[in-house]
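I opened this notebook to record how two chains meet and how one of them is built. My entries follow the order in which I looked things up.

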Amino acid sequence: MPIVTPGKRPAPRFQKSKILGGKMTRGHKSTNSELNVVPMVDMFVMLVIFLLQQFSATGEVLYMQKDIKLPDAQHGQMIEIAPVVAVSSDQVVVTGVKVADIRELDSDSGYLNIPALEERLRDEKKRWEFIHQQDPDKKWDGVVNIQADKGVPFRIVKRVMYSCGVAGYFNVNFAALEAASTVAPGEPAPTPGI
Amino acid sequence: MGGGAMPEQGGGKRKKKALDATINVVPAIDLLACCITFLLYTAVWTQISRLQVQQLGTGAPEIEQTDAQKQLIVTLAMGERGFALSTSAGLAIDIPNLGRGADGLVRFDLKRLGERLKALKSSHPDAAAVTVSAEDTVPYGDLVQVIDTCVGAGLVSVAVTGV
């Protein structure tokens, strides 16, 4: 059914009549009104430009958690996709699965490794090897992201790092919030890596 | 705006066509709305960076260094007392901490450490590696700031180890 203008509609035989057809439509305002969409288009364009500037192709690798407050860093690099070991003041979590309790780590014997963390990371490594078994050019880089609360003592971080190393993840990335860099205009920014 | 480009009327007898054309902006609005929805859905609001470190003694492959880089070994120990910066060339500098903050944690003198590391880098431009040796009680936040200071001073290859 077509969309028609609301109001009185004369019968088709009256529409052609000069007498009756005119009476029916006289004095009626047109119900069509033109909307000025230019400001809306301007706003949309500005929003798209702003959001494109914020866009990150890698996506969200690390999710901010309430119990983890990251430290600031000015000379960090762009984060890359890798297994994430989240260390809060209460627990150690790998890719969403809790593997250790900080209290137990503090109270147990002086072993450096965390067996559950090692096992979980080995599973991740096996999964990576299975995915890339048809791709011999892809070399294992052993990258792991450690997302720890800034109040966590180094004795915990050290054990996490050691477990990562034993499981084959020797390339550790410490996660930090990106702070504004204060590199002078003439001074070249440091290039990571040798 | 388009009115300024209208030709003068009245000169010619023939009625000219209007130069204003109506552009249908509905597809453009649809496209923009889709773009905004997609970008809002995929937006990353928190900018998280990473500081790459090596760990010593876990069988990790060592970073290839040139002979000039191997000549100087820089070690930075950090603990309750502050920093102890030493090199294989015989340099040994102690940078005491700034006391304790209101929360009871040790406040490290990162500014002075940065100055010392920059001076070291300027005297040994080939040096790019540093080993940070931290005590067990050092918080992760302070460790990250020290690594950040090292990278900012040009010592970009940082290895972390315990005391």
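**Entry 1: terms and model.** Before turning to the strands, I noted that two strands pair if DSSP finds at least two bridges between them. Helices (H or I, at least four residues) and strands (E, at least two) are DSSP runs, numbered from the N terminus. The model is predicted: local features need pLDDT of at least 70, side-chain atom pairs count only at pLDDT 80 or more, and totals for chains, interfaces and linings use all residues. Residues are numbered from 1 along each chain as its sequence is written, chains are lettered from A and ligands numbered from 1 in the order in which they are written, and side-chain values use heavy atoms, with hydrogens and water left out.

**Entry 2: hairpins of chain B.** I looked up β2(B) (residues 74–79) and found that six bridges join this strand to β3(B) (residues 82–87), the two running antiparallel. Within this pair, B:Ala77 has B:Ala84 as its bridge partner. A hairpin through two residues connects β2(B) to β3(B).

I then followed β3(B) to β4(B) (residues 92–96), where five bridges pair the strands in the antiparallel sense. Here B:Ser86 is partnered by B:Ala92. Four residues lie between these strands in a hairpin, and B:Gly90 in the turn has a positive phi of about 100°.

**Entry 3: chain B as a whole.** I recorded four helices and six strands for chain B, in the sequence pattern α-β-α-β-β-β-α-β-α-β.

**Entry 4: where the chains meet.** How many residues of each chain are in contact? I found 58 residues of chain A in contact (heavy atoms within 4.5 Å) with 50 residues of chain B. The buried area (accessible area, 1.4 Å probe, that two parts lose on being put together, summed over both) is about 4700 Å², and carbon and sulfur atoms give 65% of it.

I counted two salt bridges between the chains (side-chain nitrogen of Lys or Arg within 4 Å of a carboxyl oxygen of Asp or Glu). A:Lys158 forms a salt bridge with B:Asp136, with the closest N and O atoms 2.8 Å apart. On the side of chain A that touches chain B, α3(A) gives the most, with 10 residues.

Entry 5: A:Met78 stands opposite B:Ser49 in β1(B).
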